[in-house]
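Work through the exercises below with the sequence and the coordinates open. Each task is followed by a solution in steps.

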Amino acid sequence: MANKKSKNIDKEKGFSKVSIAWYPGHMYKTRKQIEADLKIVDIVIELLDSRIPISSRNPDIKKITAGKRKIIVLNKCDLADEKQNQRWVSYFKQKGIEAVLTDSNSGKGIENCIKEIEKIMEEYMQEQSEKGRVGRRIRAMILGIPNVGKSSFINRISKRTTAGVGNKPGVTKQKQWIRINEKIELLDTPGVLWPKFESEEVALNLSFTGSIKEEILQRVEIAYQLLKVLLENYRNNLSNRYGIEKSHIEEILNQDQPENVNIYEIMLEIGRKRGCIISGGNIDEEKTARIILDEFKNGKLGKITLEYPNDK
Ligand SMILES: Nc1nc2c(ncn2[C@@H]2O[C@H](COP(=O)(O)OP(=O)(O)OP(=O)(O)O)[C@@H](O)[C@H]2O)c(=O)[nH]1
Ligand SMILES: [Mg+2]
């Protein structure tokens, strides 16, 4: 009897724990689903953001995909520095992982990606056909963190326009394979990996590119942090975009006051240039922050890479 009672109490405790720990529970289920899907595919297509190839990489992915053939797709390459794009491709090749660049908006690089997948799988498929499994297609699946371009990539590679749309979670559906060509088929639902904030730098990079939604309250600070990075490595882009002379930027930065105050003043200068004025003639910092973040995200500030291979 006493035993039964304590069991009930445990159950209650367990229940309240479940609702508190809802998000990790969801992640656990996602991971199990990915592990199950991995068992039935031959190759993993790991999508990364070309602007932040390390920060957009889930650090557990190595463990999750151990023993699987893999290709890294550096997506959104149109938004990143072309020189750095090439360096990143070499970086992954040196590590023994084939990497390709894609722009899933225009479709650039997609054909090359298909070719590389066929090349990676060639020997294995040959073995398969020698074993009598003739005509079997290469089975592939996509893995990537939110917003990296998984749905856009699927649409491009499968030449259709509806992937991921109306993809309601919780609705059990049969596994669907999309035929890419005579040789390849792709699982229609990508594995969504949670991003991981191993450092403040990673968290900021993911905010700049839109994999983490910025809260309105934090927006000004996130824009400030982005501005700081851009002032270091892409000062010309800022100067050109907002029409502020480089000498004037230097003047502001050289003022004898804390660095963050100087950078903040540059943010205000950008706001002034863009007419973000509120009552009393003050600068609307919230609106200014949004302009800077949006213009980075959609490439209006130019082709910008935030992480370089040598950094790591
Ligand atoms: N410039 C550029 N934008 C891209 C590219 N790929 C995707 N996008 C844009 O990035 C945003 C996110 O793309 P999605 O395809 O929805 O990304 P996802 O990984 O499916 O996102 P979730 O389903 O939220 O995990 C959209 O605004 C796309 O138009 C690319 O190669 N270049
Ligand atoms: Mg999607």
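## Exercise 1: the ligand site

Solution. 

Step 1. Start with S152: a polar atom of its side chain is 2.6 Å from an oxygen atom of ligand 1. A polar contact is a pair of N or O atoms within 3.5 Å; within protein, one atom must be able to donate a hydrogen and the other to accept it, and residues adjacent in sequence count only if both atoms are side-chain atoms.

Step 2. The protein covers 68% of the 650 Å² of accessible area that ligand 1 has on its own. Accessible areas come from the Shrake-Rupley method with a 1.4 Å probe, and for residues only the protein chains shown count as cover.

Step 3. Conventions: this is a predicted model, in which local features need pLDDT of at least 70, side-chain atom pairs count only at pLDDT 80 or more, and totals for chains, interfaces and linings use all residues. Residues are numbered from 1 along each chain as its sequence is written, chains are lettered from A and ligands numbered from 1 in the order in which they are written, and side-chain values use heavy atoms, with hydrogens and water left out.

Step 4. A polar backbone atom of S151 is 2.9 Å from an oxygen atom of ligand 1, and a polar side-chain atom of K76 is 3.1 Å from an oxygen atom of ligand 1.

Step 5. List the shell. There are 14 residues around ligand 1, and D78, S104, K150, S151 and S152 come nearest; a residue is near a molecule if one of its heavy atoms lies within 4 Å of it.

Step 6. Sort the shell by type: three residues are nonpolar, seven polar and four charged. Here Ala, Val, Leu, Ile, Met, Phe, Trp, Tyr, Cys and Pro count as nonpolar, Asp, Glu, Lys and Arg as charged, and the others, Gly among them, as polar.

Step 7. Sort the shell by element: helix α6 (residues 150-158) gives the largest share, three residues. Helices (H or I, at least four residues) and strands (E, at least two) are DSSP runs, numbered from the N terminus.

## Exercise 2: helix α6

Task: which residues of α6 are buried, and which residue follows α6?

Solution. 

Step 1. K150, F153, I154, N155, I157 and S158 are the buried residues of α6. Buried means under 20% relative accessible area, exposed over 50%, and partly exposed in between (1.4 Å probe, protein chains only).

Step 2. An α-helix has 3.6 residues a turn, so residues three or four places apart point the same way.

Step 3. K159 follows α6 and has a positive phi, near 55 degrees.

## Exercise 3: R51 and K303

Task: is R51 buried or exposed, and what does K303 touch?

Solution. 

Step 1. R51 counts as buried because its relative accessibility is 1%.

Step 2. Leaving out residues up to four places away in sequence, R51 touches K76, L79, A80, T209, F296, K297, I304, T305, L306 and E307. Contact means heavy atoms within 4.5 Å.

Step 3. K303 counts as partly exposed because its relative accessibility is 38%.

Step 4. The C-alpha atoms of K303 and R51 are separated by 8.7 Å, although the two residues are 252 apart along the chain.

Step 5. With residues up to four places away in sequence left out, K303 touches D78, L79, A80, D81, E82, Y234 and N237. A polar atom of the K303 side chain lies 2.8 Å from the backbone oxygen of D78.

## Exercise 4: E185

Task: which side chain makes a polar contact with the side chain of E185?

Solution. 

Step 1. E185 lies in strand β6 (residues 184-187). E185 is buried because its relative accessible area is 13%.

Step 2. The partner is R139, whose side chain makes the polar contact at 3.0 Å.

## Exercise 5: the chain

Task: how many helices and strands are in the chain?

Solution. 

Step 1. The chain has twelve helices and seven strands.

Step 2. Of its 312 residues, 44% count as buried.
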